[in-house]
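Subject: Handing over the structure, with notes

Dear colleague,

Here is the structure that I promised to pass on to you. My notes follow below it, and I would be glad if you read them with the model open beside you.

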Amino acid sequence: MKSKVIRAVSLAVAAAGLFAATAPAFAQQKTITVWWVKGFYKSEDEALAETIKKFEAKTGIKVELSQYAIQDMIPKTVAALDAGTVPDVAYSDSYDVQVQGKWAYEGKLEDLSGVMEPIKDRFVQNTLDASILYNDVTKKKAYYGFPLKQQSMHVQIWNDLLEKAGFKLSDIPNDWAGYWTFWCDKVQPAIRKATGQRLYAVGQPMGVESTDAFQSFYTFMDAYHVKLVDDDGKLLVDDPKVRENLILAMKDYTDTYIKGCTPPSSTTWKDPDNNVAFHNKTIVMTHNFTISIAAKWFEDSQNQNLTPEQREAGKKAYEQDIITASFPKAPDGSTIRYRSDVKTGLMFTAAKNKTEGKQFISFLLQEENIRPYIEGALGRWFPVTKESQESPFWQADKHRKAVYAQFKGGTAAFDFTKNWKFTILNNENVWAKAMNRVVSEKVPVDKAVDELIARIKQVAG
């Protein structure tokens, strides 16, 4: 009896000791909040969830993930900044274009140099450059964000519609004027005659609520070598040559609408609408700032929730009917250097768990974690790390090879990375407003461009 009592007491003491040892560990378990934009594809979100699961298992840090639609991310983040309840880590496809430079300038973003400096050799230089921004509080530049993925401009063509119109890919001119004349004056009347339907040759995004509109217009500006700012962010719009070439770019962009070569609704298109028009085969070609159009059909080919016939249609569209191409040569015969939009994640100075949040960022950026996330987007995003860019994924089919070749040809940064006030101009979409002045309000192109220049000077001067 005595030994049973002693043994019972010993067990009780041991249990108490175990609880004492483990209780503080549980009590000290950290939780970080992560806000993330909802993925375009299910596989993107699954790859992110898998990385979070691995991070939690390795570190014991719990991740509270909230995902929101892209249009909700900035309003929610602004409200959180005002209330002092920001997440520990945040990412949205729209941050870099519309707000990141402003927040960095105002001192609202955490310096992530401690995360990025040790691993910067793994990243392609242009993606690092996009993350190094000026802070007017500290009066210095630093990593006020971490590069995650990037995108650029591509042309998507229905080859079967082109053939129905009586043309081959080899018939498409590569000179600037000949290229646009081909689509408007040859393909459009021919496809309408062949189908008996009111199809349009081109899908030209022009909506004020569309980022596609200003991204596409930048490509037209680049065709005419329009340089709005220098490397230090100083405006160059008072240069008469800049104005002259800006007028030429605006005329070419709006002429497509004036000639009736793009659907009348393209003046009000939002970002998904040129995709929808293409998928519905009401347009023969469109330019788009990712290959999400082609990737949609690849996803259909893999989607077990669809019928075998639908999957086969997706496979045929992706492998045979859709072409991913580049823009023609610039008017002077040079090759256009495309803009790369590097998408970046953020940490705010008001974040509560910075140490643990930085651990999460470092973990996410490891090659074995970031690659599945990028490739889960089926080619919509191009990698920011050197190793991931050489993944076999980018040589797997003609669409991804086209993306790879375009990025390897060299890219240029958007103006908002040099002058943060361009995020305001992008948010207003002054570019699409100028287009609509021309096509909807019948304002002369030179007057619309003068108004555009005046607004650029007013905001970013």
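In these notes, two residues are in contact, or touch, when they have heavy atoms within 4.5 Å of each other. With that in mind, E64 touches T31, I32, T33 and V34, leaving out residues up to four places away in sequence. E64 lies in strand β2, which covers residues 62-68; helices (H or I, at least four residues) and strands (E, at least two) are DSSP runs, numbered from the N terminus. The C-alpha atoms of E64 and W35 are separated by 8.5 Å, and the two residues are 29 residues apart along the chain. At 45% relative accessibility E64 counts as partly exposed, a class that lies between buried (under 20% relative accessible area) and exposed (over 50%), with a 1.4 Å probe and protein chains only.

Before going further, please note that this is a predicted model, in which local features need pLDDT of at least 70 and side-chain atom pairs count only at pLDDT 80 or more, while totals for chains, interfaces and linings use all residues. Residues are numbered from 1 along each chain as its sequence is written, and side-chain values use heavy atoms, with hydrogens and water left out.

The whole chain

The protein chain has 21 helices and 12 strands, and its C-alpha trace spans about 105 × 60 × 35 Å along the principal axes. Of its 461 residues, 54% count as buried. Among contacts between residues at least 6 apart in sequence, 76% join residues that are at least 24 apart. The chain exposes about 20,100 Å², of which carbon and sulfur atoms supply 54%; these areas come from the Shrake-Rupley method with a 1.4 Å probe, and for residues only the protein chains shown count as cover.

The cores

A nonpolar core is here a set of buried Ala, Val, Leu, Ile, Met, Phe, Trp, Tyr and Cys residues joined through side-chain atoms within 4.5 Å. The largest one holds 138 residues, and the members that touch the most other members are W36, F146, W183, F217, L228, F422 and W431. Apart from it lies another core, of seven residues, among them F382, F393, V403 and Y404.

S340 has its place in strand β11, residues 338-346, and counts as buried at 5% relative accessibility. Its side chain makes a polar contact of 2.7 Å with the side chain of Q150, where a polar contact is a pair of N or O atoms within 3.5 Å; within protein, one must be able to donate a hydrogen and the other to accept it, and residues adjacent in sequence count only if both atoms are side-chain atoms. Among the residues that S340 touches are N126, Q151, F407 and F414.

S292 is placed in helix α13, residues 292-302, and is buried, with a relative accessible area of 3%. A polar contact of 3.2 Å joins its side chain to that of N275, and S292 is also in contact with F40, Y41 and R380.

G203, in strand β8 (residues 200-203), is buried with a relative accessible area of 0%. Its contacts beyond four places in sequence are with T262, W269, I283, M285, T286 and H287.

Two positive phi angles

Most residues other than glycine have a negative phi. The phi of H225, however, is near 55°; H225 sits in the loop between α10 (211-223) and α11 (240-258) and is partly exposed, at 48%. K281 has a positive phi of about 60° although it is not a glycine, and is found in the loop between α12 (273-279) and β9 (283-288). At 27% relative accessibility, K281 counts as partly exposed.

With best wishes
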